[in-house]
Amino acid sequence: QVQLVESGGGSVQAGDSLRLSCAASGPAFSRYSMGWFRQVPGKDREFVAAITNGGESKHYRESVKGRFTISRDNAKNTVYLQMDSLKPEETAVYHCAAPPMGTIHRVALLNWKMYTSWGQGTQVTVSA
């Protein structure tokens with residue numbers, strides 16, 4: 001398993017941008033697909049974006065397509081989430097996560113229950 005630490009959250013105005021980072025430690029980061037999820041109190045975790053281990057495939061929640069970009073730098077053991085044109089309803093704790101090594105299929109990557117390693121999360125607050 002990998003250990004994950006998110007950073008980059010904060011408080012912004014609607015329409016602003018933030019870039020979240022997720023630093024991973026542990027063996028073979030480049031062999032893990034990675035995902036970003038968000039959660040607000042009282043609701044289930046919500047898929048945001050995922051990227052396969054080599055970056056070949058990227059998947060996004062429909063509502064963030066065209067505004068959010070997931071990327072990774074395997075040399076730095078880091079995955080990023082660039083969030084542009086943020087909306088107040090996107091206020092949440094954002095978590096990065098890793099599924100078991102070798103997980104690459106879209107159906108699995110969109111399901112938070114398939115992920116076995118989680119970061120502690122970083123708060124994103126978007127004001128109107």
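This is a predicted model: local features need pLDDT of at least 70, side-chain atom pairs count only at pLDDT 80 or more; totals for chains, interfaces and linings use all residues.

Student: Is R38 buried or exposed?

Tutor: R38 counts as buried, because its relative accessibility is 7%.

Student: And E46, what's its relative accessible area?

Tutor: That one is 26%, so E46 is partly exposed.

Student: Which other residue forms a salt bridge with R38?

Tutor: E90 does, with the closest N and O atoms 3.6 Å apart. The two come from distant parts of the chain: E90 is in the loop between β8 (78-83) and β9, R38 is in strand β4, and 52 residues separate them.

Student: How accessible is E90, then?

Tutor: E90 has a relative accessible area of 3%, so it is buried.

Student: What else does E90 form a salt bridge with?

Tutor: R67, and there the closest N and O atoms are 2.4 Å apart. E90 sits in the loop between β8 and β9, while R67 sits in the loop between β6 (58-60) and β7, so this pair ties together parts that are 23 residues apart in sequence. Both E90 and R67 are buried.

Student: Which residues end up joined into one network?

Tutor: R38, E46, R61, R67 and E90, through salt bridges that share partners.

Student: How many salt bridges does the count come to?

Tutor: The count comes to 5.

Student: OK, switching to strands. What stands opposite R38?

Tutor: Y94 in β9. Strand β4 (residues 34-39) pairs with β9 in the antiparallel sense, over 5 bridges.

Student: Which other strands are joined to β9 by bridges?

Tutor: Strand β11 (residues 122-127) is joined to β9 by 3 bridges, and the two run antiparallel. V93 has Q123 in β11 as its bridge partner. Strand β10 (residues 117-118) also runs antiparallel to β9, with 2 bridges between them. In that pairing, A98 stands opposite S117 in β10.

Student: How many residues of β9 are buried?

Tutor: 6 of the 7, so β9 is largely enclosed by the rest of the structure.

Student: Now disulfides. How many does the structure hold?

Tutor: It holds 1. This disulfide joins C22 to C96, with an S to S distance of 1.9 Å.

Student: Where do those two cysteines lie?

Tutor: C22 is in strand β3 and C96 is in strand β9 (residues 92-98), so the pair ties together parts that are 74 residues apart in sequence. As for accessibility, both C22 and C96 are buried.

Student: What about the handedness of the link?

Tutor: The link of C22 and C96 is right-handed, with 55 degrees about the S-S bond.

Student: Since we're at β3, which strands are in the open sheet with it?

Tutor: The open sheet has 4 strands in the order β1-β3-β8-β7, and the pairing is antiparallel. Its edge strands are β1 (3-7) and β7 (68-73), each of which pairs on one side only.

Student: By how much are neighbouring strands turned against each other?

Tutor: On average by 15 degrees, ignoring direction.

Student: And how many bridges are there between β1 and β3?

Tutor: There are 5, with β1 and strand β3 (residues 18-25) pairing in the antiparallel sense. Within that pairing, S7 stands opposite S21 in β3.

Student: Last topic: where does N77 lie?

Tutor: N77 lies in the loop between β7 and β8. N77 counts as partly exposed, because its relative accessibility is 23%.

Student: What is N77 in contact with, leaving aside its neighbours within four places in sequence?

Tutor: N77 is in contact with C22, A23, A24, G26 and F29.

Terms used. Residues are numbered from 1 along each chain as its sequence is written. Side-chain values use heavy atoms; hydrogens and water are left out. Two strands pair if DSSP finds at least two bridges between them. Axes are lines fitted to C-alpha atoms, for helices over the stretch in contact, and angles run from 0 to 180 degrees between N-to-C directions. A disulfide is a pair of cysteine sulfur atoms within 2.5 Å. Buried means under 20% relative accessible area, exposed over 50%, partly exposed in between (1.4 Å probe, protein chains only). A salt bridge is a side-chain nitrogen of Lys or Arg within 4 Å of a carboxyl oxygen of Asp or Glu. Contact means heavy atoms within 4.5 Å.
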